[in-house]
Amino acid sequence: MKNHKKILLFHIGKEKQAQLKRLCLTMGIQVIFVEKKQYTQTLGALAGIQGIPRSPSVYAGEEFPLEMLVFSGLDSDALDNFLKKYKEMQLSPIPLKAVLTPHNLFWSPQKLYEELLKEHAYFKNS
């Protein structure tokens, strides 16, 4: 499963998109701005993982209330470096972040969002 460094962005404002695009360009990371209508796709299909088909259906639900970011193909050093540079740029935090794994590869963005929201609420209340 060959996979290049990518970041999937969900419900990110235009200004932050531009800042993230500049950051990722310097790090050799491809940025994928996922549109709401694509939320029926699997995370693997959105990341362009070979062999994972796209769905013909279009998402008709509500937009996610919170921003979400999914890392694909970044090793721990690249991930740490990205987070460090992100913080140095003083960008507002993205509350929901995940790494694409064999476990969540076939999840929809909606399923991942719901799982991350549960984790976010748990840690916020801990």
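**Close-up views of a predicted model**

**View 1. Helix α4 lies across β1, β3 and β4.** The angle between α4 and β4 is about 115 degrees; axes are lines fitted to C-alpha atoms, for helices over the stretch in contact (heavy atoms within 4.5 Å), and angles run from 0 to 180 degrees between N-to-C directions. Helices (H or I, at least four residues) and strands (E, at least two) are DSSP runs, numbered from the N terminus. The model is predicted: local features need pLDDT of at least 70, side-chain atom pairs count only at pLDDT 80 or more, and totals for chains, interfaces and linings use all residues. Residues are numbered from 1 along each chain as its sequence is written, and side-chain values use heavy atoms, without hydrogens and water.

**View 2. The open sheet has four strands in the order β2-β1-β3-β4, with mixed pairing.** Strands pair if DSSP finds at least two bridges between them. Because β2 and β4 each have a single partner strand, one side of each has no neighbour in the sheet. β3 and β4 run parallel and are joined by four bridges; Val70 has Ala98 in β4 as its bridge partner.

**View 3. Phe10 belongs to the largest nonpolar core, of 23 residues.** Such a core is a set of buried (under 20% relative accessible area, 1.4 Å probe, protein chains only) Ala, Val, Leu, Ile, Met, Phe, Trp, Tyr and Cys residues joined through side-chain atoms within 4.5 Å. Leu8, Phe10, Met68 and Leu112 touch the most other members. Beyond four places in sequence, the contacts of Phe10 include Val34, Leu43, Phe64 and Pro109.

**View 4. Gln17 sits in helix α1 (residues 14–27).** Gln17 is buried, at 16% relative accessible area.

Terms used
Buried < 20%, exposed > 50% of the residue type's maximum accessible area, 1.4 Å probe, protein only.
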